[in-house]
Amino acid sequence: MIRRSVLLFLVCLTLPAFAHAQDTCLPNAQGFTQWINCRIDLVIAAKSGPSGGEKQAEAPSVADDSTTLVDTSSAPDFVGLGVTLLGLRNAPEGSDDTNPGGTSITATAYSLLAAAYGKDPLADPDFYANHHNWRRVSFTVGREPAREGGVGLNSASTIAGVKVVLLDLREITRTENLTDIQSAVEKSNMEFANLLRAVTEILAAALAPGGSAVDFAKSSLSVGTFKGTLMKMDGELLKRIDAAILARITAEVAMRDAIKAKITEIKNRPQISLAWSSNLRDATAPDQHRFQAILDYNLAPRLSATGNLGLDLIDDKDLTLPPDTETSVFRAAGSLKLAFAEPGHGLVLSQPVTLGLSLDLQVAGGDTKYKTQVKLDLPVTAGVTIPISLTWADRPEVIDEKEVRGLFGFTIDTSKLAALLR
Amino acid sequence: MAKTPPPDFGKAGRLKIRTDEQGALVNVTAGEFIRLKLTVKGPGQAVFAFGCQHRPLWSAPDFPGHPQKVYEWHHFKQPGDADAPADTYALTIAFIGGITSYTFLMETVAKSGTVVATLKDFDASSTAAQDVLHTGIMLLVS
């Protein structure tokens, strides 16, 4: 009998715990606001069931040590760093050179302007919104060490480049982009006010019958009291609250759908830029220049296409070049990039692993050469990616290797890294 | 390696709540009113709406100079501001505009300008563009 009473006492003690244990939102909630947002998420998830943009931080493709064959249309908002790592580049024969491969830094005019004004380029919404055009222009500088032979076009060079985004429909700060979202937020907000009223009244009627809902909300749902109040809920009361939420989430679901559709739409818009990039050398070796138009377009949520069309020129500086050197080459290149997952967090962070397939055609004097590349981008953390590429060419001299060339490096997009560290 | 804690809201939201009242009395006849201030940080434009159960009251584009860093407005200062003696007011903030942090402060202020009570005071931040956060309070006007 005593044992049964003790058992019954223990069951009675644990019952309230079981009741609120059904509420997965309560343990981590800092306040009623967090709890109600969590309940809305759960109700929508239960109702629904299971359920970009390319910014180049690498060295431009004109650099022989670049891990990319095809350039993308935009640069990171702040500063991007691209490095081809030690041991995989083609150092001069017999050289004991252990320096890393090509290294480049890309910065937008916006980041330089922000530095000049002493502004945090990612924290000041006025400054960001008012200097949209400054983000259209980016500069790249870098260094490419000597390659096989170390003379002529294989000698060390300075990488320099400018890119101007002509068509930028992915700019999130354009006011017209968010008008429909703002409208959806207003409707959802009004619906939430009614939802909150209904939930508060249900709680007040169940847990403090006879009193007013305002008094209950004031005394029992503040930061210091809400957990104790909500722990009194049983499973039945929680069901009634979820039913009240379910009856008032039409505008909420519409708003979430509108936001999701907008993110997808913005990411899928085309982007076009013009770029000049070059390998500049001293007076004893020729310079190489690449002028091109670049188009980025998303074919599907996980599949993007990039095209380059332009001209490669060699400034021979009146030097005598090898007889087979073409000083003017028409170039067309394209790539398809497949993401293995949806980008994790909308427009800003969490890039998935991607696999790219590229083709580069060069036409000079009726002769056509091609290169193909397979490239894997492995994200390490937000803003930091390790690109690994393998390139094949129909002519050995195109990639200065017999048939196949592998490159391995890393890129840092400091805007994404800074956003993560905030 | 330390396990990343789950978000406080949405996909990547973080909250730092200092005050989160759910009900309050506002003595409008004595000249009390509500002062609201939303401070934003991030490379973009704020997307938010403030309203009651009956109508939208303020949203980001209503403010001259939008986008800006600080949005401040009052309620119950004008005749007709109260739609009902007891009404629930709500604020919804969205992160799609590129804003990564909102700080919301809501206070009851006496006619003299002194703060009677802090009703809401929290920081909400997120790096996920799809994240939204709602907050609200039931106000009884006398």
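Guide: We can go through some features one at a time, keeping in mind that this is a predicted model.

Visitor: How many disulfides does the structure hold over all chains?
Guide: The structure holds 1 disulfide over all chains, and the cysteines that it joins are Cys25(A) and Cys38(A), with 2.1 Å from S to S. The angle about the S-S bond is -75°, and the link is left-handed.

Visitor: Which parts of chain A does that pair tie together?
Guide: Cys25(A) sits in the loop between helix H1 (2–21) and helix H2 (32–48) of chain A, while Cys38(A) belongs to helix H2 itself, so the pair ties together parts that are 13 residues apart in sequence.

Visitor: And is Cys25(A) buried or exposed?
Guide: Cys25(A) counts as buried because its relative accessibility is 4%, under the 20% cut-off.

Visitor: New topic: which residues make the nonpolar surface patch?
Guide: The patch covers about 730 Å² and is made by Val164(A), Leu166(A), Leu167(A), Ile272(A), Leu274(A), Leu295(A), Tyr297(A), Leu299(A) and Leu336(A). Strand E4 (157–168), strand E5 (271–280) and strand E6 (287–300) of chain A each supply at least two of the patch residues.

Visitor: Where does Ile272(A) lie?
Guide: Ile272(A) lies in strand E5 of chain A, and it counts as partly exposed because its relative accessibility is 31%.

Visitor: What about helix H8 of chain A, how many residues has it?
Guide: Helix H8 of chain A, residues 235–246, has 12 residues and reaches 16 Å from its first C-alpha to its last, which is close to the 16 Å expected at 1.5 Å a residue. The buried residues of H8(A) include Leu237(A), Leu238(A), Ile241(A) and Ile245(A), and Asp242(A) is also one of them.

Visitor: What is phi of Lys317(A) near?
Guide: Phi of Lys317(A) is near 55°, a positive value in a residue other than glycine. Most residues other than glycine have a negative phi. Asp318(A) also has a positive phi, near 60°.

Visitor: Where is Asp318(A) found?
Guide: Asp318(A) is found in the loop between E7 and E8 of chain A, and it counts as exposed because its relative accessible area is 78%. Lys317(A) is in the loop between strand E7 (303–315) and strand E8 (328–339) of chain A, and at 24% relative accessibility it counts as partly exposed.

Visitor: Last one, on chain B: which residues does a cis peptide bond join?
Guide: A cis peptide bond joins His66(B) and Pro67(B), with omega at about 5°, and Pro67(B) is placed in the loop between strand E5 (56–59) and strand E6 (70–75) of chain B.

Conventions
Residues numbered from 1 in each chain as written. Chains lettered and ligands numbered in written order. Predicted model: local features only at pLDDT ≥ 70, side-chain atom pairs only at ≥ 80, totals over all residues. Heavy atoms only, no water. Helix = DSSP H or I, 4+ residues; strand = E, 2+ residues; numbered from the N terminus. Expected span 1.5 Å × (residues − 1). Buried < 20%, exposed > 50% of the residue type's maximum accessible area, 1.4 Å probe, protein only. Patch = residues over 30% accessible without salt bridge, like charges linked within 9 Å, V, L, I, M, F, W, Y side chains within 5 Å. Areas by Shrake-Rupley, 256 points an atom, 1.4 Å probe, with all protein chains shown as cover. Salt bridge = Lys/Arg side-chain N within 4 Å of Asp/Glu carboxyl O. Disulfide = S-S within 2.5 Å.
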